Amino acid sequence: VAVAFLWHHHQPDYRKPSTGEALLPWVRLHGVKNYYAMAKIALEFPEMKLNFNLVPSMLDQLLEAAGGTDDIHLRHSRKSPAEMPDEEKEFLLSEFFSANWRTLIEPFPRYKELLDLSGKKKGEHPRDALRRFGEQDLRDLQVWFNLVWFHPYSREKEELLAGLMEKQRSFTEEEKHRLLDLQLALLGEVVSLYRKLAESGQAELTTSPY
């Protein structure tokens, strides 16, 4: 039996037409998680032949993100909680638990602690939960939201990520920015990794309409 694995890498266009800023972070986060790690793992098994379909709207946004174009969630990740007005802090509580709770939040004690503190499971409004969050809690939330979207492959291979996973809490602004810089650095490798797979003959690349 001949089996062909066809992996479909797609994202819709999340950019706001008037500004070009992405309103959702999924190209950046899935890029650093699935798209990056899948190519890195594939390269370790050159006998495995694969097919990847790369959608143009995903590639455009991925290249922009790797080049430093902010999305709203990245902008809120970079900013120090000490400099945030309440509405921006509420954005963190509203948006930075946007991950599968069972697989990406609850396995990590500090992230689960922050989820419980937020009252989201009870449907509590971020405005009411904010009084329970200090600046350090909000910074830890910024880090965890970005940290869990790195693939386990990267968390094992990258010393910075392994160290943050072990530390669990009390992250510094410097650590947070190093994390975000690493995120963009790995994103910047994605296209070249798939090009390498194609040039070696290990993978065939296809595309589909924008």
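Is the crossing of H10 and H11 left-handed or right-handed? The crossing is left-handed, meaning that the near helix is turned anticlockwise from the far one by less than a right angle (clockwise would be right-handed). Keep in mind that this is a predicted model, where local features need pLDDT of at least 70, side-chain atom pairs count only at pLDDT 80 or more, and totals for chains, interfaces and linings use all residues. Residues are numbered from 1 along each chain as its sequence is written, and side-chain values use heavy atoms, with hydrogens and water left out.

**Helix H10 against helix H11**

- Helices (H or I, at least four residues) and strands (E, at least two) are DSSP runs, numbered from the N terminus.
- H10 spans residues 159-167 and H11 spans residues 173-187; their axes come within 11 Å and cross at roughly 140 degrees. Axes here are lines fitted to C-alpha atoms, for helices over the stretch in contact, and angles run from 0 to 180 degrees between N-to-C directions.
- That angle makes H10 oblique to H11; under 35 degrees would count as roughly parallel, over 145 as roughly antiparallel, 65 to 115 as roughly perpendicular, and the rest is oblique.
- On the H10 side, Leu160, Leu161, Leu164 and Lys167 meet Glu175, Arg178, Leu179 and Leu182 of H11, with contact meaning heavy atoms within 4.5 Å.
- Sorted by class, that contact has 5 nonpolar, no polar and 3 charged residues. For the classes, Ala, Val, Leu, Ile, Met, Phe, Trp, Tyr, Cys and Pro count as nonpolar, Asp, Glu, Lys and Arg as charged, and the others, Gly among them, as polar.

**Helix H6 against helix H8**

- H6 (residues 109-118) packs on H8 (residues 135-147) at an angle of about 120 degrees, with the axes 10 Å apart, so H6 and H8 are oblique to each other.
- H6 passes H8 in a left-handed crossing.
- Arg110, Tyr111, Leu114 and Leu117 are the H6 residues that meet H8, where their partners are Gln136, Asp137, Asp140, Leu141, Trp144 and Phe145.

**Cavities**

- The whole structure holds 2 cavities of 30 Å³ or more. On a 1 Å grid over the protein atoms alone, a cavity is a set of points where a 1.4 Å probe fits but cannot get out, a pocket is an open set with protein on both sides within 12 Å along at least five of seven lines, and lining residues have an atom within 4 Å of a point.
- The largest cavity contains about 130 Å³ of space; grid points are joined across faces, edges and corners, and a volume is the space filled by probe spheres set on the points.
- Of its 16 lining residues, Ala22, Gln61, Ala65, Thr69 and Asp71 are the closest to the centre. H2 gives the most to this lining, with 3 residues.
- The second largest cavity comes to about 40 Å³, and its lining divides into 8 nonpolar, 1 polar and no charged residues.

**Largest pocket**

- The largest pocket has a volume of about 170 Å³, and its lining includes Trp7, Phe45 and His151.
- H1 gives the most to the pocket lining, with 5 residues.
- By class, the pocket lining has 9 nonpolar, 2 polar and no charged residues.
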